Amino acid sequence: MVPPPAPATKANPERDAADPFRGILLKVLSVVSFVVMATLLKATQTIPAGELVFFRCVFAIVPVLAYLVWKRQLHTALRTSNPMGHVVRSFIGVTSMGLGFFALTRLPLPETTAIGYASPLLIVVFSALLLKERVQLFRWSAVLIGLVGVVIILWPRLTLFSGGAPLGNEETVGAVAALGAAVMSAFAMMQVRHLVQTERTETIVIYFFICASLISLLTMPFGWLMPTPEQSVLLIGAGFAGGVGQLLLTSCYRYADMSVIAPFEYVSLILTIIIGLLVFADVPTLSMIAGALIIVASGIAVIMREHYLGLDRARARAAATP
């Protein structure tokens with residue numbers, strides 16, 4: 001049985017009254033929003049990854065700013081005591097997002113999503129190695145099993161091990177990019193965990209979108225394309241969906257513990273498999289499904305263990321932008 005979430009306190013002013021059902025509903029809606037975003041971005045087909053990052057972040061600012069104005073929190077959201085921390089987080093986040101979007105253009109949607117599930121597992125590894133956090137045998141075991149699931153998904157793509165030319169096709173490069181995105185996402189989360197000690201969640205979100213929009217412009221010399229009218233609609237829609245998803249994600253952890261809400265992240269696997277089949281005619285392979293199920297089981301085990309140990313990273317998750 002999961003203990004009830006802690007009530008709002010001066011130490012945790014962002015926590016509202018406990019309402020697990022509302023928290024779960026908001027989480028599922030955020031997952032749907034991010035899946036819609038990824039689907040729209042993938043449907044643009046020929047747009048470079050850096051340009052995808054720009055549109056995703058610029059148009060995500062609109063619903064976020066509207067929400068902050070409505071809540072009369074815009075003036076407080078722009079206050080920061082650690083501007084360079086936001087810049088560092090943004091560079092890492094843009095790298096992760098760019099690699100992830102590049103992978104979307106090369107891999108089936110559910111496969112890219114499943115590889116991304118490795119990020120929370122990698123956070124445990126990096127926290128132990130770099131931050132010297134104490135990790136018990138249970139969590140190490142869960143992480144290692146989850147990483148085996150990642151290898152199962154990647155193995156058919158890694159032609160280096162299957163007899164083909166190493167990194168010799170687009171899907172192989174996409175698989176490596178997806179794994180790189182998961183690695184950088186883990187580093188971004190660690191940076192966010194540092195920022196939430198002094199910064200509000202909305203401050204981290206708004207500064208990331210602003211900085212990421214500017215940083216993504218640095219990719220223009222590497223070849224941006226003029227979007228067609230159809231692609232423009234897809235790009236703008238993806239940005240709005242991402243912004244709405246971020247607001248929903250930020251809100252959901254206000255109503256229930258991470259251990260209650262976080263497992264619903266894996267609803268995205270079901271949604272991406274359905275959308276992959278119906279929209280992109282991507283038939284999931286047995287290795288992808290098997291590996292994804294292993295990663296999901298390991299991820300839930302890690303979440304439950306962290307809840308038991310009191311390592312609630314809800315604010316960091318809410319501020320981290322997919």
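Residues are called buried under 20% relative accessible area, exposed over 50% and partly exposed in between, using a 1.4 Å probe and protein chains only. The model is predicted, with local features needing pLDDT of at least 70 and side-chain atom pairs pLDDT 80 or more, while totals for chains, interfaces and linings use all residues. Numbering runs from 1 along each chain as its sequence is written, and side-chain values rest on heavy atoms, with hydrogens and water left out.

Aromatic contacts come first. A pair of aromatic rings is described by the distance of the centres and the angle of the planes. Rings of Phe, Tyr and Trp (its six-membered ring) pair if their centres lie within 6.5 Å, and planes under 30 degrees apart are stacked, over 60 edge-to-face and the rest tilted. The count comes to 8 aromatic pairs. In one of them, tyrosine 67 and tryptophan 70 have ring centres 6.1 Å apart and planes at 55 degrees, so this pair is tilted. Both sit in helix α2 (residues 49-70), 3 residues or about one helical turn apart; helices here are DSSP runs of H or I with at least four residues, numbered from the N terminus. Tryptophan 70 is exposed at 66% relative accessibility, whereas tyrosine 67, at 26%, is partly exposed. Tyrosine 117 and tyrosine 266 make an edge-to-face pair, with centres 4.8 Å apart and planes at 80 degrees. This pair ties the α5-α6 loop to the α12-α13 loop, 149 residues apart in sequence, and both tyrosines are buried. Elsewhere, ring pairs join Phe54, Phe55, Phe59, Trp224 and Phe240 into a cluster.

Salt bridges (a side-chain nitrogen of Lys or Arg within 4 Å of a carboxyl oxygen of Asp or Glu) number 5 in the structure. One of them joins lysine 27 to glutamate 265 at 2.8 Å, N to O. It spans 238 residues of chain, from helix α1 (residues 20-43) to the loop between α12 (258-261) and α13 (267-279). Lysine 27 is buried at 3%, but glutamate 265 is partly exposed at 32%. Another bridge pairs arginine 193 with glutamate 133, their closest N and O atoms 2.4 Å apart. Here the link runs from helix α9 to the loop between α6 (118-130) and α7 (137-154), 60 residues away.

Charges also sit over rings, meaning that NZ of Lys or CZ of Arg is within 6 Å of the ring centre and within 35 degrees of the ring normal. Arginine 89 does this over phenylalanine 208, at 4.1 Å from the ring centre, and lysine 42 over phenylalanine 280, at 5.5 Å.

Definitions and conventions
Helices (H or I, at least four residues) and strands (E, at least two) are DSSP runs, numbered from the N terminus.
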